[in-house]
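Visitor: I have a model open and a few quick questions. Can you walk me through it?

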Amino acid sequence: MAEPLSQRAKTPWHFWVIGGVSLLWNAMGALDFTMTQTKNEAYMKAFTPEQLDYFYGFPLWLVLFWGMATWGSVLGSLLLLVRRRPA
């Protein structure tokens, strides 16, 4: 017999800590991806010209995979925090 909704187990506190840390970590990656792809001058001035050439020389397929991985991880963290099954 299924448990009534009022008797479901509480979510442990460490679930929220891990979910929050994963969201912050992945948000930093999303910020890096966005700033690199938009060539934000204030963000990119921390890199040497050689490093900039490296970043700007990425092939399109690599940028697409980088973006999918970055934004997919942010989505996964959000889904985890809202407790959705696809997470």
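Visitor: How far apart are the end C-alpha atoms of α4, and what should its 22 residues span?
Guide: The end C-alpha atoms of α4 are 32 Å apart, which agrees with the 32 Å that 22 residues should span at 1.5 Å a residue. The expected span is 1.5 Å times one less than the number of residues. Helices (H or I, at least four residues) and strands (E, at least two) are DSSP runs, numbered from the N terminus. This is a predicted model, in which local features need pLDDT of at least 70 and side-chain atom pairs count only at pLDDT 80 or more, while totals for chains, interfaces and linings use all residues. Residues are numbered from 1 along each chain as its sequence is written, and side-chain values use heavy atoms, with hydrogens and water left out.

Visitor: Which residues in α4 are buried?
Guide: Val63, Gly67, Thr70, Val74 and Ser77 are buried in α4. They cover an arc of only 100 degrees around the axis, so they sit on the same side of α4. The arc is that of the directions from the helix axis to the C-beta atoms. Buried means under 20% relative accessible area, exposed means over 50%, and partly exposed is in between (1.4 Å probe, protein chains only).

Visitor: What do the buried residues of α4 pack against?
Guide: They pack against α1, residues 13-37. Contact means heavy atoms within 4.5 Å.

Visitor: And which exposed residues are on the face turned away from the buried side?
Guide: Trp61, Phe65, Met68 and Ala69 are the exposed residues on that face of α4. Trp61, Phe65 and Met68 also belong, with Leu62, to a nonpolar surface patch of about 460 Å². Patches are made of residues with over 30% relative accessible area and no salt bridge; like charges are joined within 9 Å, and nonpolar side chains (Val, Leu, Ile, Met, Phe, Trp, Tyr) within 5 Å. A salt bridge is a side-chain nitrogen of Lys or Arg within 4 Å of a carboxyl oxygen of Asp or Glu. Accessible areas come from the Shrake-Rupley method with a 1.4 Å probe, and for residues only the protein chains shown count as cover.

Visitor: Switching to α1. Which residues are buried there?
Guide: Gly19, Asn26, Ala30, Phe33 and Thr36 are buried in α1. The buried residues of α1 pack against α2, α3 (49-56) and α4.

Visitor: What does asparagine 26 touch?
Guide: Leaving out residues up to four places away in sequence, asparagine 26 touches Ser73, Val74 and Ser77. Its relative accessible area is 17%, so asparagine 26 is buried.

Visitor: What is the phi of lysine 39?
Guide: Near 55 degrees, a positive value in a residue other than glycine. Most residues other than glycine have a negative phi. Lysine 39 lies in the loop between α1 and α2 (41-44), and at 49% relative accessibility it counts as partly exposed.

Visitor: How far apart are valine 17 and leucine 81?
Guide: They are 64 residues apart in sequence and 9.8 Å apart in space, C-alpha to C-alpha.
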